[in-house]
Amino acid sequence: MTATDLSPAAAAEAQRLREQFGFLREVVDEMERDVPYASALVRFSDGHSIDLRDGEQSARRQDPQSGVVLTASNGHALEESASDAFDVDSIRSTSRDLVERVRHHHADGPEPELAILADGPGDADFATPVAIDPTSVSLTERIARYEAIRRRLRAIEARAVQAIAVHRDGSQVSIFANRSGMTTQQIRRVAMILQLFVSDGQQRQFDLVIKAGTGGLELLDVTEDELAECAATAASLLSADSVAPGTYDVIADPLTTGTIAHEAFGHGVETDMFVKGRARAAEYVGQRVGSDLVNIFDDPTIPAGYGSYFVDDEGQLASGTAIIRNGIFQRGITDLYSATRLGIPRSANGRRESVQRKAYARMSNTFFGAGTSTLEDLIAGLDDGLLVCRAINGMEDPKGWGIQIWSQFAREIKNGRLTGTIYSPIALTGYVPDLLADVTGLSNTIEWASGSCGKGWKEIVQVGSGGPYLRTRCRLG
Amino acid sequence: MDQRVVDAVRGHPGVHDWTIRFQRGRGAQVYLAGTALENMRQVGRDAYEIELFNDHQVDGEPMRGSAVIPLGREDLARLPSILDDGVSMASLVHNPPWSLPEAGDQPDVELADPRLVDVADSVREARVAADQIRDLVDAAGPGVRLSAAELFLTAVDEQLMNSRGVETASTSTRVLLELNLLADGEEEAEFFRQAEARRLDDLHLVEMVHDAAQHARDATRAHQPRTRLGPVVLSDIAVDQLLAASVLGNSSPYLAQTSAAAAYEHLSRFEVGEPVYLGRERMGDPLTMRSNARRPFSVLSYRFDADGLAAHDVLLIEDGVLRGRTATQRYAQYLNIPPTGRPGLAEITPGSTPLADLLRGEPSVYQVVAFSAPNVDDVTGNFGMEIRLGYEIGPGGTRPIKGGSVSGNLFEAMANARFSAETAEFASFAGPRAIRFESMQVAGEDG
């Protein structure tokens with residue numbers, strides 16, 4: 001997207017940002033008189049969060065998380081200063097202090113050379129296309145709309161004890177400058193989470209519907225069928241059995257498939273983990289890691305993807321990365337430091353939780369490529385197995401190549417049909433190369449999910465994940 | 001605190017009550033990739049959070065709406081319009097009325113490491129600690145090396161004022177360390193450790209690096225556990241993870257279930273005066289738990305909470321029976337119970353059994369020292385966590401295990417649990433160093 005693709009409102013905002021922050025180029029130029037590489041990132045956010053539930057409601061403005069981070073290389077490592085003061089005088093003062101710090105840097109350990117290439121998209125402006133701008137719909141109307149949906153969901157199931165609707169809309173504006181130019185970026189994200197809790201007097205269970213993406217309110221439409229399915233699933237979990245631990249033929253639903261991609265060859269190929277010796281995938285570039293059917297991508301340019309953006313937080317223009325193609329591991333996803341240290345081309349995956357935190361190699365939208373089967377084909381092909389649904393979260397183990405995914409429930413398949421028996425909760429574990437080698441079928445459409453992703457136990461960023469229905473074999477407990 | 005903010009909030013006709021929280025944070029962050037310095041950062045941020053209350057009527061019933069308005073520094077220039085938006089939001093939110101806390105005594109709770117209050121000191125301490133980590137790993141013996149370390153040293157000055165006369169302040173510090181070690185062996189393996197404390201010395205770097213090095217070595221020869229239902233002892237990081245909040249939003253399960261908010265929202269599975277084992281008969285040690293927000297230097301302690309309520313030490317569960325709930329100001333009034341402020345650190349009464357005895361069993365006992373991450377649903381109590389490192393301990397000896405998972409329901413499993421006599425303080429609770437669950441599902445190798 002270029003400036004000419006922006007809506008009039010987005011173009012006007014881009015122009016305003018250029019006028020306000022045009023001095024960042026001069027700041028970077030001044031810093032680079034004394035240091036081999038410098039950059040500046042200003043970021044601020046705005047938006048609302050509305051939480052509606054039985055007995056109470058709440059509303060809050062999104063934390064603006066505003067500030068600037070200035071980066072300077074001392075030729076061996078990066079040094080940064082982050083502040084919430086981003087007026088011209090404060091930034092110039094912060095930049096002078098940072099340069100002084102770098103100039104007086106003393107090696108306090110082994111420091112190999114760090115030769116950063118200052119490539120970037122040059123001068124460009126970007127903005128998320130939005131059909132229904134959240135600010136064009138009054139807060140009154142939005143609260144009424146989502147409260148009505150919440151009440152409809154609650155009314156479906158007599159055993160409901162609580163129904164929650166959470167609505168979020170927000171914009172995140174960032175301005176990045178280095179010697180290649182200055183970019184502005186306006187990202188709009190919306191989300192709605194509907195959650196229904198049910199009880200039989202003893203147990204509490206829940207199911208949920210999540211709608212989210214980069215764009216406007218057009219992404220948040222919920223159908224009556226989706227509400228009915230949520231209520232029916234929550235109720236059915238009250239009588240769910242525990243699954244007998246063991247190895248099963250499974251079909252992962254798109255949410256679970258996306259989580260497999262995210263955990264197995266998302267976190268495991270973040271190249272800062274290569275630098276730290278934490279990723280076994282580093283030894284497998286160009287080698288087979290899955291069946292011919294396996295294709296995994298990371299792509300920040302997916303339209304409406306929850307993890308989509310145009311430029312990463314280190315100035316790299318967004319583009320897709322083929323991580324695995326036809327079962328062969330191609331490459332990892334990078335941040336600036338790890339790509340420079342490893343001497344490999346950058347991908348646009350340098351992301352920060354906020355300017356208060358450093359950039360790491362992080363996923364954007366990570367997904368399995370589609371296959372050629374239908375879901376019905378995949379089910380019909382199983383004599384005895386489980387359809388694993390609604391991944392809730394997962395955990396990476398890039399060093400040991402273990403995978404763990406926690407899903408809400410699984411539906412039993414016998415003789416090529418769903419039996420109606422349901423198991424919950426489901427812990428899916430396995431050895432990644434085995435799980436990918438056992439992929440024997442993929443459905444022909446991709447569905448997307450949205451979520452938050454941590455690096456280890458912190459550094460939360462918004463991501464998308466997705467894929468088709470996927471048939472493989474793994475251990476459940 | 002900027003007086004312009006106070007004056008603007010106080011003078012707005014649509015604001016009927018208010019709380020202003022102001023935090024001035026600063027700190028140092030150091031990142032090691034291998035033994036090389038990757039990044040050295042100095043950070044600072046001023047942040048306001050204003051909670052506005054608007055009283056109105058809906059169908060003749062009195063209602064109180066509220067809106068939380070975080071402010072950045074640049075927002076001060078357009079404060080009137082932001083407050084107008086906030087009042088508009090609050091007027092659309094309809095909750096049963098409740099009143100803010102009034103001025104009262106507040107305890108002195110020790111929350112700050114004097115070495116970290118000044119940012120220049122933090123930068124220096126971060127560099128010293130990074131050197132110490134390098135040296136400790138270097139001295140940990142052959143075959144072990146540093147993969148990565150991240151150390152955050154943060155100080156926060158906080159002020160709180162409300163429209164009912166509360167005016168208070170505190171200074172706290174926080175230390176966060178992530179440490180990852182690699183070990184050579186049958187198969188190269190890593191051990192990851194994250195720790196949080198108020199004071200730098202409470203990280204106990206010498207012991208942490210020593211233990212992490214041993215765990216990394218053990219991980220190189222670890223095998224999958226066998227699938228079985230049987231005794232599992234959780235100790236070290238693992239027992240903390242079972243009782244901790246999850247990384248992506250779930251609260252600490254017991255502290256969530258014993259809160260007044262959960263009771264008001266019909267999400268609590270516990271009733272005051274009733275056992276907390278979800279209908280299971282207690283077979284093991286009784287669970288006694290307090291929420292102590294005054295515990296010195298606990299990362300969950302505080303002087304005052306977001307409403308300005310003073311920190312309390314509250315008995316929650318006694319001998320397996322729910323005795324009380326933590327209650328923030330709002331939910332205390334909704335449920336007509338005493339306000340205690342938000343939960344603090346969970347304190348669990350230890351048992352009388354030595355850890356060595358908890359680890360005995362036929363044919364063997366699984367001891368888990370670390371899961372990959374906390375993952376307990378705070379409403380259902382269901383959990384499933386992957387074993388990052390553990391041991392199978394039996395008459396034939398001890399062998400390391402990793403991979404596979406432990407799953408079940410925390411609240412039910414606690415009915416048949418025994419607590420060690422040895423104690424420790426973790427990030428999420430203080431109490432027994434280990435808990436033995438007699439019947440827990442382990443999924444690993446089949447057969």
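What follows concerns domain 1 of chain A and its side towards domain 2, and then the neighbouring parts. Which elements give two or more residues to the side of domain 1 of chain A that touches domain 2 of chain A?

A: The model is a predicted one, and the description below should be read with that in mind. Chain A is divided into domain 1, covering residues 3-237, and domain 2, covering residues 246-476, and the centres of these two domains, taken over C-alpha atoms, are 22 Å apart. Domain 1 of chain A brings 33 residues to the contact, and domain 2 of chain A brings 25 residues. On the side of domain 1 of chain A, the elements that supply two or more residues are the strands β1 (37-53), β3 (67-73), β4 (78-83), β6 (160-178), β7 (181-199) and β8 (204-214), together with helix α5 of chain A. Sorted by class, this side of domain 1 of chain A has 17 nonpolar, 12 polar and 4 charged residues.

Helix α5 of chain A, which is one of the elements on that side, also packs against another helix. Helix α4 (residues 139-156) of chain A and helix α5 (residues 224-237) of chain A meet at an angle of about 45 degrees, and their axes are 9 Å apart. Because of that angle, α4(A) is oblique to α5(A), and the crossing of α4(A) and α5(A) is right-handed. From α4(A) the contact uses A:Arg152, A:Leu153 and A:Ile156, and from α5(A) it uses A:Leu227, A:Ala228, A:Cys230 and A:Ala231. The residues of this contact of α4(A) with α5(A) fall into 6 nonpolar, no polar and 1 charged.

Chain B can be described in the same terms. An assignment of domains divides chain B into domain 1 (3-219) and domain 2 (228-443), with 24 Å between their C-alpha centres. Here 30 residues of domain 1 of chain B are in contact with 24 residues of domain 2 of chain B. The elements of domain 1 of chain B that give two or more residues to this side are β1 (17-33), β4 (144-162), β5 (167-183), β6 (189-197) and α4 (205-219) of chain B, and β6(B) provides the largest share, 4 residues. The residues on this side of domain 1 of chain B divide into 12 nonpolar, 8 polar and 10 charged.

Chain B also holds an open sheet of 6 strands with mixed pairing, in the order β10-β9-β8-β11-β18-β17. Its edge strands are β10 (321-322) and β17 (423-425) of chain B, each of which pairs on one side only. Within this sheet, strand β8 (residues 289-292) and strand β9 (residues 313-318) of chain B are paired in the antiparallel sense over 4 bridges, and B:Ser291 has B:Val314 in β9(B) as its bridge partner.

Finally, the chains themselves meet in a contact that takes 65 residues from chain A and 69 residues from chain B. The side of chain A that touches chain B has 22 nonpolar, 25 polar and 18 charged residues. Pairing of strands also links the two chains, with 2 bridges joining strand β2 (residues 56-61) of chain A to strand β3 (residues 61-71) of chain B in a parallel run, where A:Arg60 has B:Val68 of β3(B) as its bridge partner.

Conventions:
Residues numbered from 1 in each chain as written. Chains lettered and ligands numbered in written order. Predicted model: local features only at pLDDT ≥ 70, side-chain atom pairs only at ≥ 80, totals over all residues. Contact = placed C-beta atoms within 7 Å. Nonpolar A, V, L, I, M, F, W, Y, C, P; charged D, E, K, R; others polar. Pairing = 2+ DSSP bridges. Axes fitted to C-alpha atoms, helices over the stretch in contact; angles between N-to-C directions. Parallel < 35°, antiparallel > 145°, perpendicular 65-115°, else oblique. Left-handed = near helix turned anticlockwise from the far one by under 90°. Domains from an automatic or database assignment.
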